[in-house]
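Hello,

Here is the structure I promised to pass on to you. Please have a look at it first, and then read my notes below.

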Amino acid sequence: MNNFTYTYSYQPMKKFLLLLVISLAIGSCKKSTSCNVNSIEQLPWAVNMVAGGGSCLIYGGAKFYSYTFSGEQVFYFTNLLSSNSNCVGGIYYCSGNKLSFSEDESREFFNKRKNEMLLWSKN
């Protein structure tokens with residue numbers, strides 16, 4: 001009778017499971033940039049912008065909206081009567097950072113934006 005001893009190594013499976021757990025943990029820690037704003041007063045940078053605190057004059061008809069786009073709350077400012085192209089408008093994150101869109105990406109924003117909420121307008 002032969003006495004054979006079999007030893008199994010579970011090291012590859014342990015490494016796989018550890019990698020899987022780490023991957024899931026990192027994926028679930030994705031930082032959300034959504035800020036759940038329902039009033040322009042919650043965004044000091046926006047209050048400053050619509051008050052003309054920058055180098056732009058704010059004209060009648062200017063508006064500041066909140067939208068959901070790609071799962072995030074973003075803000076759209078429009079000041080169409082301005083002759084300064086830098087003051088006509090833009091799309092912003094909650095932080096006040098302006099989104100830079102190509103023409104195609106801009107078209108996608110206007111086609112896919114949801115949950116429009118007017119937060120401010122100038123008469």
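**Salt bridges and a buried glutamine**

The structure holds 3 salt bridges (a salt bridge is a side-chain nitrogen of Lys or Arg within 4 Å of a carboxyl oxygen of Asp or Glu). Please keep in mind that this is a predicted model, where local features need pLDDT of at least 70, side-chain atom pairs count only at pLDDT 80 or more, and totals for chains, interfaces and linings use all residues. Residues are numbered from 1 along each chain as its sequence is written, and side-chain values use heavy atoms, without hydrogens and water.

Let's begin with helix α3 (residues 103-112); helices are DSSP runs of H or I with at least four residues, strands are runs of E with at least two, and both are numbered from the N terminus. R107 pairs with E103, with the closest N and O atoms 3.9 Å apart, and with D104, at 2.8 Å. E108 and K112 form a salt bridge too, at 3.5 Å from N to O. They are 4 residues apart in helix α3, so about one helical turn separates them. Shared partners link E103, D104 and R107 into one network.

Next, Q73 in strand β2 (residues 72-78). Is Q73 buried or exposed? Q73 is buried, because its relative accessibility is 9% (buried means under 20% relative accessible area, exposed over 50%, partly exposed in between, with a 1.4 Å probe and protein chains only). Its side chain makes a polar contact with the side chain of S66, at 2.7 Å; a polar contact is a pair of N or O atoms within 3.5 Å, where within protein one must be able to donate a hydrogen and the other to accept it, and residues adjacent in sequence count only if both atoms are side-chain atoms.

Best wishes
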